[in-house]
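Visitor: I have a structure to look at and some quick questions. Can you walk me through it?
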Amino acid sequence: MIVRPEGAAAETERALRIGADDGAVRLLDLGLRQLSKSMAAGGRTLPTVYGVHLGQESLDLWIAPADRNPPAPWQSFDDGQVWRLYADALDVLEGADLADVLAPYPGLVSIGTNEGGRILVDLEAAHGLIALRGPEETRRSVLAALALELATNRWSDHMRITLVGFGGELAENLAEIAPDRVRAVPTLHEALPELEGRGEEVRQALAASGVDSVLTGRCRGVFGEAWMPHYLIMADEPTPQEADRLVALARTGTRMAAGYLVPGEVQGATWTWEVDADGRLQAGVLGFEVDAQLIPEEHYRALGDLFRSASRLESVPLPEPGAGGEPSEPPGASGTQRPSVDIRLLGPIEIDAPGPMDDSRRALCTEVLIYLATHPGGVHPTVLSGAIWPRGVSAGVRDACVARVSDWLGRDARGRPNLYYDDRGRIKLGSEVRVDWAVFRWLVWRSAAEPASETAYMAYALDLVRGPVLADRPRGRYGWLVTDDLEYEATARVIDVAHRLVLLRLDEGDPHGAISAARAGLRLAPDDEGLWRDLLRATHATGDVAQVQVVVDELRTRVGRDPLMDQLQPETEALVEELVPQWVPQR
């Protein structure tokens with residue numbers, strides 16, 4: 001089961017969510033791997049990427065030297081100085097065979113955001129030391145954010161990150177979050193031998209492999225581990241002697257699968273960035289000016305608590321649906337009358353409503369509607385303001401938005417508004433508004449109330465599941481989910497129902513029905529290994545050994561996409577060995 005973070009950890013997740021965009025991150029990860037594979041197939045060399053712009057509509061690479069002929073589906077702009085990949089290519093990329101392609105630019109890291117999206121730079125492209133100037137406290141917050149992203153991002157593979165001088169909770173938490181990536185030491189003197197040894201290993205690999213650069217080695221997949229990067233991030237300014245030694249180590253004139261970030265003014269640094277007390281960062285010769293990513297020191301402990309809660313497997317108490325009595329028919333139904341409004345959130349958000357909605361206002365109005373739909377007891381306007389507009393909003397703007405949502409939902413079959421204020425001033429949805437999550441909960445309740453029809457009700461409930469909860473919610477919205485039970489309860493309930501239905505159908509001698517149940521649960525919780533084990537057992541029960549092998553390969557491919565889950569759980573490995581002892585992993 002998933003455990004919901006609480007207190008400061010929940011607030012930290014809320015802050016992280018405001019800047020998160022999983023679709024854009026997948027576009028970055030898969031887009032770069034596809035680019036590498038295509039360039040290798042054409043016998044071409046990957047370009048140096050100095051900067052990346054990651055927006056909602058596209059991914060832009062600023063490259064050197066300019067090249068007007070990128071491989072499809074990339075497109076060239078600005079006389080070949082920019083290669084662009086549009087977001088609508090993501091569906092094709094997710095179906096491509098990229099599991100064995102090395103991440104070509106693991107040193108890409110976000111330095112901040114501007115009005116168009118997120119800006120990333122490649123630490124390796126500096127070919128030397130990167131110095132960060134500015135107030136000490138802000139400087140340290142920037143470096144902590146860079147360290148966190150390097151330790152947890154999905155567009156990199158194996159890497160080594162050495163943190164020098166951070167100490168305390170940040171170093172401990174990052175080492176716990178990503179033990180295979182992070183090493184923390186108190187002084188640079190302890191880090192230098194490993195860094196210098198790593199540089200020598202890369203030089204030897206270049207000579208032995210015959211490739212002309214680290215990028216080419218990654219692109220062609222030769223000597224794979226040789227190109228594993230090593231990045232150094234220091235919390236405190238180096239002494240003049242340490243700075244000289246670092247500059248000599250870092251300034252190679254060519255890419256060496258390494259990057260070095262240090263605070264302060266450092267003579268000989270290749271790039272010098274500056275951040276002010278307000279968190280505005282200027283990236284020197286690169287020409288970027290952004291609102292920097294910051295993790296203040298007071299968030300270090302909350303950060304660790306957040307990731308620890310995400311990894312805990314114990315169950316949490318789930319509220320019983322409809323405490324105090326359930327309706328005799330599914331929510332949103334009224335006799336034989338079809339619902340006036342249909343809201344689907346168990347997957348990509350879908351709203352079927354009779355009224356008009358301006359596309360420019362749709363995202364905000366949809367979030368308001370989803371919040372109301374997940375709080376069927378009603379929402380006071382002040383509570384709605386705090387949830388949807390966490391940075392503040394006037395009552396006039398809020399009320400105008402609610403009025404637009406009301407117009408969008410229209411009226412029910414009896415002429416009553418589908419959105420109204422009750423006698424206590426709370427905003428509520430009408431009885432003819434159907435919400436798939438409410439219907440799911442009702443069907444689960446009915447399955448317990450009518451044991452003879454348990455299988456049928458659970459199957460109907462799982463038919464409502466189309467994907468992860470609110471799968472396509474836009475970047476920067478829905479921060480209220482962090483302090484709401486919805487995501488955690490929905491995930492837990494769907495997993496429980498899918499597992500229960502698998503067992504029931506296997507007991508009934510219906511392995512194909514059990515497979516369908518496991519697949520339904522995996523649509524919402526694709527990384528839940530308990531459901532993968534259910535799927536393996538159900539597939540094995542069909543007697544089709546070849547199909548079991550297909551499921552195992554599918555599972556390993558899924559796990560391999562997450563840099564923090566580079567192996568299956570022991571229980572899953574044991575099951576695979578039991579069911580398919582002769583199985584050989586795909587390479």
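Visitor: How many of the 22 residues of H15 are buried?
Guide: This is a predicted model, to start with. In H15, 16 of the 22 residues are buried, so the helix is largely enclosed by the rest of the structure.

Visitor: And how far does H15 reach from its first C-alpha to its last?
Guide: H15 covers residues 486-507 and reaches 31 Å. That is close to the 32 Å expected at 1.5 Å a residue.

Visitor: What comes just after H15?
Guide: Gly509 does, with a positive phi of about 75 degrees.

Visitor: Which way do E5 and E6 run, parallel or antiparallel?
Guide: Antiparallel, with six bridges joining them. E6 is residues 117-122. A hairpin of two residues connects E5 to E6.

Visitor: Which residue is the bridge partner of Gly112 in E6?
Guide: Ile119.

Visitor: What about E5 and E14? How many bridges there?
Guide: Two, again in the antiparallel sense. E14 is residues 289-292. There, Asp291 stands opposite Thr113.

Visitor: Where do Trp437 and Phe440 sit in the helix?
Guide: Both are in H13, residues 436-449. They are three residues apart, so about one helical turn separates them.

Visitor: What kind of pair do Trp442 and Tyr457 form?
Guide: An edge-to-face one, 6.3 Å centre to centre and 85 degrees between the planes. Trp442 lies in H13 and Tyr457 in H14, residues 454-463, so the pair ties together parts that are 15 residues apart in sequence. Trp442 and Tyr457 are both buried.

Visitor: Which residues do ring pairs link into a cluster?
Guide: Tyr371, Tyr478 and Trp480.

Visitor: Last one. What lies over the face of Phe77?
Guide: Arg84, at 4.2 Å from the ring centre.

Technical notes. Residues numbered from 1 in each chain as written. Predicted model: local features only at pLDDT ≥ 70, side-chain atom pairs only at ≥ 80, totals over all residues. Heavy atoms only, no water. Helix = DSSP H or I, 4+ residues; strand = E, 2+ residues; numbered from the N terminus. Expected span 1.5 Å × (residues − 1). Buried < 20%, exposed > 50% of the residue type's maximum accessible area, 1.4 Å probe, protein only. Pairing = 2+ DSSP bridges. Phe/Tyr/Trp six-rings, centres within 6.5 Å; stacked < 30°, edge-to-face > 60°. Lys NZ or Arg CZ within 6 Å of the ring centre and 35° of its normal.
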